[in-house]
Amino acid sequence: MRIAIIGAGLAGLTAAYELRDHSVDVYEATDRIGGKLHTVAFEAGPTDMGAEAFLARRADAVEFFTELGLADSLVEPSGLGSLVYTGGQVRPLPRGGVMGIPSSSDPVKHLVSAETAARIDAEADAAGFPWEVGGDVSVGALVRERYGDEVVDRIVSALLGGVYSCSADDLGLRATVPQLANELDRLAAGGSPVNLSTAVRGLEASRAELPTGQGAVFNAFRDGYQELYEALAEHSGADIYVDAFISGIARDGEGYRLKGGEDVVYDRVIVATPAPTTALLLKTLAPEAAAELSKVKLANSVVVGMRFATDEGLPQNSGVLVAADEDDLTAKAFTLSSRKWPHLAERGGALVRASFGRFGDDLAIRAEEDDLVDAALDDLQTATGFDGRAAGLEEIYVQRWFGGLPRFDAAHLATVSATHELLDASPDAAGIFLTGAWAGGVGVPAVVAHARATAEDCHD
Ligand SMILES: Cc1cc2nc3c(=O)[nH]c(=O)nc-3n(C[C@H](O)[C@H](O)[C@H](O)COP(=O)(O)OP(=O)(O)OC[C@H]3O[C@@H](n4cnc5c(N)ncnc54)[C@H](O)[C@@H]3O)c2cc1C
């Protein structure tokens with residue numbers, strides 16, 4: 001069987017690896033493989049400018065990396081806490097709760113007004129809210145309604161924004177905090193009043209019952225994600241074409257030809273590109289699926305990686321999130337990478353990643369490189385007091401992520417399942433398979449799992 005894969009990001013390369021017993025060609029539009037995984041050669045060592053960590057509690061991901069021979073490359077973080085910049089100063093990011101949504105005011109008292117604290121504590125005794133089992137809502141709308149704006153703007157949006165480059169108002173509960181949606185389902189199905197604090201407390205209680213000592217929640221690769229994407233490419237045995245932009249898929253007999261690809265008729269095609277590109281590629285073969293998928297929008301972001309000669313004065317924290325209602329900073333987050341990761345601290349000096357951009361805010365992606373670096377240095381100093389210019393800025397890398405992440409809004413899961421149903425109902429697309437961050441979740445383990453399942457379907 002001849003298989004083409006469009007896109008050499010994590011999803012495409014994982015699928016290629018899973019299909020290594022077949023004849024596979026991978027087409028990548030840019031001049032490098034890895035997509036949103038991008039390790040850059042800083043003089044001090046390889047440094048990630050896209051994803052930098054993954055959820056190590058996903059045993060399937062750890063097993064997969066072990067199968068690839070990468071078990072010894074996995075490293076744990078220092079465990080230092082994070083901060084949130086709000087009201088003109090940094091304060092500890094609350095622990096507990098779920099994605100910054102607390103079950104009581106205790107962990108967030110230092111971040112919200114007395115009125116908001118009282119409102120959170122009164123929520124459990126307030127009338128429950130209508131909740132349909134299997135229903136969905138935007139995270140922002142739900143938390144604003146129950147706890148007020150401060151919890152969303154100072155905590156929840158900062159945390160979710162760090163993962164999805166979107167504010168809580170642009171994100172669906174079931175797609176981004178599924179455990180909370182399931183807990184609301186459980187309350188509603190059991191006939192109990194549905195309250196936010198009750199649901200969060202239920203989750204905290206079930207978490208407390210989990211065995212401890214499972215190791216760090218997150219891991220990274222010692223030499224960056226290049227270890228993963230290079231291993232996948234190598235072990236896949238696939239022919240990988242870079243600078244190969246595919247602009248269309250056409251039916252040829254029982255198979256498919258790619259516009260921009262080799263002169264080959266493929267039995268199967270896996271499309272592993274971001275949602276809007278996938279929609280364009282499906283336009284002729286499955287127009288209804290394409291129209292549905294085109295509803296998925298992307299958020300742009302920018303990462304500025306900065307290496308300093310000294311780490312003196314850099315706080316002993318893993319990172320700083322910026323509250324969404326803080327107008328005096330442009331950056332939305334800082335990862336204090338050399339504090340967060342002991343293997344990066346060993347290199348000496350300091351490594352900091354500044355992140356810019358949220359869905360709908362494209363100022364950063366269009367900004368000049370010098371302005372971005374100035375903003376990163378100024379904002380870092382305002383938030384933490386660390387004077388990067390005085391600390392000796394030795395290396396800089398500015399990475400623009402056009403369409404970095406899909407927006408997982410409250411309609412996202414329905415859009416994804418409708419796209420798959422419409423694709424299945426398109427006779428011309430019987431040999432076409434779809435994967436990527438938009439399809440199964442943005443986190444590295446979720447992308448890997450979806451790509452593996454897609455590869456499995458493809459060779460059945
Ligand atoms: C800044 C940032 C930080 C992140 N941090 C983390 C993190 O710490 N932990 C985590 O788990 N996840 C993180 N993520 C998410 C994770 O990196 C992504 O979800 C994942 O890498 C996406 O993989 P993918 O293969 O679906 O898509 P992509 O990486 O986008 O790959 C798609 C590929 O298709 C190619 N392509 C597009 N159009 C065409 C075409 N027409 N023809 C040929 N090729 C084409 C693209 O060039 C690209 O290489 C982060 C993402 C970003 C942007």
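Which element gives the largest share of the shell around the ligand? In this predicted model, that element is β18, with three residues.

The shell around the ligand counts 33 residues, and the ones that come nearest are Glu28, Lys36, Ala53, Val442 and Val444. By residue type, the shell splits into 20 nonpolar, ten polar and three charged. A polar backbone atom of Ala29 sits 3.0 Å from a ligand nitrogen, and one of Glu52 is 3.2 Å from a ligand oxygen. On its own the ligand would expose 1000 Å², and the protein buries 88% of that. Two or more shell residues come from each of α1 (10-18), β18 (393-406) and α18 (444-459). Seen by domain, the shell draws on domain 1 (2-34 + 225-297 + 408-459) and also on domain 3 (298-406), so the ligand lies between the two.

Now to the strands. β3 (residues 39-42) and β4 (residues 45-48) pair in the antiparallel sense, with four bridges between them. Together they make a hairpin, with two residues separating the strands. One of the pairings puts Ala41 across from Pro46, its bridge partner in β4.

Another piece of the fold is an open sheet of three strands, ordered β5-β9-β6 and paired antiparallel. The edges are taken by β5 and β6 (74-75), each with a single partner strand, so each has one side left without a neighbour in the sheet. The link from β5 to β9 (residues 218-221) is antiparallel and rests on two bridges. Here Phe54 stands opposite Asn219 of β9.

Phe54 turns up again among the aromatic residues. The structure holds eleven aromatic pairs. One of them joins Phe54 and Phe65: their ring centres are 4.9 Å apart and their planes lie at 80 degrees, which is over the 60 degrees cut-off, so the pair counts as edge-to-face. Phe54 belongs to strand β5 (residues 54-55) and Phe65 to helix α2 (residues 59-67), so this contact ties together parts that are eleven residues apart in sequence. Phe54 thus has Asn219 opposite it in β9 and the ring of Phe65 as an edge-to-face partner.

Terms used:
Residues numbered from 1 in each chain as written. Predicted model: local features only at pLDDT ≥ 70, side-chain atom pairs only at ≥ 80, totals over all residues. Heavy atoms only, no water. Near = heavy atom within 4 Å. Polar contact = N/O pair within 3.5 Å; in protein donor to acceptor, adjacent residues only side chain to side chain. Areas by Shrake-Rupley, 256 points an atom, 1.4 Å probe, with all protein chains shown as cover. Nonpolar A, V, L, I, M, F, W, Y, C, P; charged D, E, K, R; others polar. Domains from an automatic or database assignment. Pairing = 2+ DSSP bridges. Phe/Tyr/Trp six-rings, centres within 6.5 Å; stacked < 30°, edge-to-face > 60°.
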